[in-house]
Structures are given as C-alpha cells and as structure tokens.
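Biologist: I have a structure to learn from today. Can we go through it in short questions and answers?

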Amino acid sequence: MTLLGKQAPEFTLPNEKNEQVSLSTKKGKKVLLVFYPGDETAVCTEQLCSYNSGFEDFQKLGVEILGINSDSVESHKKFSDKYKFSFSLLSDPTSEVCKKYNAVGLFGKTKRSTFLIDESGKIIFENEIFPLFYKDKTAILTEIQKLI
C-alpha cells in the first residue's frame, strides 16, 4: 500500500542521544526518512555513509535526514559515533513506526525504504529497495531535485 501523496504518519522516537524526536516538530521542513535493516551491517553502513558524505548537499536543498530502524538507542549511539553521522538515527524497538510506513519485511526486520516528506507533512517520494541494494546520495539527491 503506497503512502505517496498522503500525510506522513506522526511519530516520536528517541535518537542516538536518547532525545525524543517528533515528526510534528519538522513541519515547514523537508524530511528524508531512511528506513534501514540494521546498524553495522555492510550495505546499511555504506548507504548511511553515502548520505553522510552528501550531508551538505541535502542541507542546501533544505532536507533533514532521519535514519530509522528497530535497533536500540545504544546501538545507534555506537554506530553514529563510529561513523560521525551528521543526522539522527531513531530507535523504533517495537517497529510501530516502521509498520506505519510499511517498512517491515521478512522476520520483522526493517525494510530498506526512503520517504521524502514535504514542508506540509505530505509524502512526495517513496522508494523501497531490495535489502542488498540502496540508492546512494547521488541517486536520492537527483530524485529530490526533480521534485522540488
């Protein structure tokens, strides 16, 4: 079931610093939600490092990045500290938010998918990719530029 064109489901989750992050506080900004299967896994690390290396390009487009999966706050902290991510990683241990975004796959693991939410809170881009692949920063930035 697609969420494209719909209002983004609201959520509040803790980030890697155990601070509560609510989507409602992001109104007026573009937000790229990046659902990924797991911290410290080869493809996820490559994907998030790619986005991190393009962080300034995302900022120039007014896009804030939020990574989400079911790993713990502690896992996210270690992962973020190790790779010095410039964006927050949100912990969804019950996968409640992942379910709202249809981002739960086999065996309850988070599916690799991305959603771009516009300033009004509407989903204007969604993409689900086979777990062993991902769209790198160039591909995602190109998609975003087409939309804005």
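Biologist: Which residues does L48 touch, not counting residues up to four places away in sequence?

Modeller: Keep in mind that this is a predicted model. L48 is among the residues with the most contacts inside the largest nonpolar core. Leaving out residues up to four places away in sequence, L48 touches V34, Y36, F79, F85, F87 and L89.

Biologist: How many residues does the largest nonpolar core have?

Modeller: In general, nonpolar side chains of soluble globular proteins tend to be buried together. Here, the residues with the most contacts inside the largest core are L32, L48, Y51, F58, I65 and F87. The elements that give two or more residues to this core are β3, α1, α2, β4 and α5. The core's residue count is 20.

Biologist: Why is strand β4 described as largely enclosed by the rest of the structure?

Modeller: Strand β4 covers residues 63-69. Count its buried residues, those under 20% relative accessible area. The strand is largely enclosed because the buried ones number 6 of the 7.

Biologist: In which sense do β3 and β4 pair?

Modeller: Strand β3 spans residues 30-35. One place to look is V34, which stands opposite G67 in β4. The two strands share 6 bridges, and their sense is parallel.

Biologist: How many bridges join β4 to β5?

Modeller: Strand β5 is residues 88-91, and it runs parallel to β4. L66 stands opposite S88 in β5. The number of bridges is 4.

Biologist: What is the hand of the β-α-β unit made by β4, α3 and β5?

Modeller: The helix in this unit, α3, covers residues 73-83. Together with β4 and β5, helix α3 makes a unit that is right-handed.

Biologist: Which residue of β6 is the bridge partner of V34?

Modeller: β3 and β6 run antiparallel. They are joined by 5 bridges. In β6, V34 has as its partner T114.

Biologist: And which residue in β7 is the bridge partner of T114?

Modeller: β6 and β7 run antiparallel and are joined by 5 bridges. They form a hairpin with 5 residues between them. In its turn, G121 has a positive phi of about 95°. The β7 partner of T114 is N127.

Biologist: Which residues of β6 are buried on the side away from S113, F115 and I117?

Modeller: β6 is mostly covered, with 5 of its 5 residues buried. Both of its faces are covered. S113, F115 and I117 are buried on one side.

Biologist: Within what arc do the buried residues of α5 fall?

Modeller: The buried residues of α5 are I140, L141 and I144. They pack against β3, α1, α2, β4, β6 and β7. Seen down the helix axis, they line one face of α5, because they fall within an arc of 100°.

Biologist: Is K82 buried or exposed?

Modeller: K82 meets E40 in a salt bridge, 3.3 Å from N to O. E40 has 39% relative accessibility, so E40 counts as partly exposed. The cut-off for exposed is over 50%. K82 is at 52%, so K82 counts as exposed.

Biologist: Which helix holds both D81 and K77?

Modeller: D81 forms a salt bridge with K77, the closest N and O atoms being 2.8 Å apart. They sit 4 residues apart, about one turn of the helix. An α-helix has 3.6 residues a turn, so residues three or four places apart point the same way. The helix that holds D81 and K77 is α3.

Biologist: How many salt bridges does a search of the whole structure find?

Modeller: Some salt bridges share partners and join K26, K29 and E64 into one network. For the whole structure, the search finds a total of 5.

Technical notes:
Residues numbered from 1 in each chain as written. Predicted model: local features only at pLDDT ≥ 70, side-chain atom pairs only at ≥ 80, totals over all residues. Heavy atoms only, no water. Buried < 20%, exposed > 50% of the residue type's maximum accessible area, 1.4 Å probe, protein only. Pairing = 2+ DSSP bridges. Right-handed = clockwise from strand over helix to strand, strands pointing away. Salt bridge = Lys/Arg side-chain N within 4 Å of Asp/Glu carboxyl O. Core = buried A, V, L, I, M, F, W, Y, C linked by side-chain atoms within 4.5 Å. Contact = heavy atoms within 4.5 Å. Arc of directions from axis to C-beta.
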